[in-house]
Amino acid sequence: DNPVLNIDDKGHIWIFSSSHGTSRPSYISRSKKPYSIDEFELVWTGNFSYPQPWYLPGHGFLFMHTYYDGGRTICMMTSPDGANWSQRRLLSHIQQGHYQVSRPLTGGRVGSAFNYHPDGKGLNWRTNLYYMETDDFGKTWKTADGKVLSMPLTEVDNPALVHAYTEEKLNVYMKDITCDAKGRPV
């Protein structure tokens, strides 16, 4: 249930307090004053796990997260102000679900790298490496080489697949995305 902190362009501090699974609510709170941790107000109650909110100046929040719906699904929501949120959008649900890491990239892009849990293997079996990114605040998602993806991703073999570790009987555990000198994800 680890909360995540973020800050907007006006200096308000945001706390995304997750709940693991769907049995308890999750919360989004905002500091009442910029750059202050003295007092917070609750602005949203719902459900999410593994929060990865990214504040993009000029747009607002692109909120990547996990939602439990027959497994761990990769979802997103957007908000121009942190109080008014879009409907949750399913981005990927392959077999038993995923773990993901995401981050803002150069040029206003946000990238997500993820794996999947094959049916019948258990949640500690995490294989394959997938990658997708958006440059239009989540309206469209693309592969690393710019091909538009048809969302949601539901098949093991799809255009976002970077490396098929399952064919090598190997697992993969992502912890971070970084970029090379040209802003490409590695």
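Mentor: Helices (H or I, at least four residues) and strands (E, at least two) are DSSP runs, numbered from the N terminus. This is a predicted model, in which local features need pLDDT of at least 70, side-chain atom pairs count only at pLDDT 80 or more, and totals for chains, interfaces and linings use all residues. Residues are numbered from 1 along each chain as its sequence is written, and side-chain values use heavy atoms, without hydrogens and water.

Trainee: Where does Glu 167 lie?

Mentor: Glu 167 lies in the segment that follows β12 (161-163).

Trainee: Is Glu 167 buried or exposed?

Mentor: Buried means under 20% relative accessible area, exposed over 50%, and partly exposed in between (1.4 Å probe, protein chains only). Glu 167 counts as exposed because its relative accessibility is 67%.

Trainee: How is a pair of aromatic rings described?

Mentor: Such a pair is described by the distance of the centres and the angle of the planes. Rings of Phe, Tyr and Trp (its six-membered ring) pair if their centres lie within 6.5 Å; planes under 30 degrees apart count as stacked, over 60 as edge-to-face and the rest as tilted. The whole structure holds 12 aromatic pairs. One of them, Phe 16 with Phe 63, is tilted, at 5.0 Å centre to centre and 50 degrees between the planes.

Trainee: Which parts does this pair tie together?

Mentor: Phe 16 is in strand β2 (residues 13-17) and Phe 63 in strand β6 (residues 60-68), so the pair ties together parts 47 residues apart in sequence. Phe 16 and Phe 63 are buried.

Trainee: What is the geometry of Phe 48 and Phe 63?

Mentor: Their ring centres are 4.9 Å apart and their planes at 85 degrees, so the pair is edge-to-face. Phe 48 is in the loop between β4 (40-46) and β5 (49-56).
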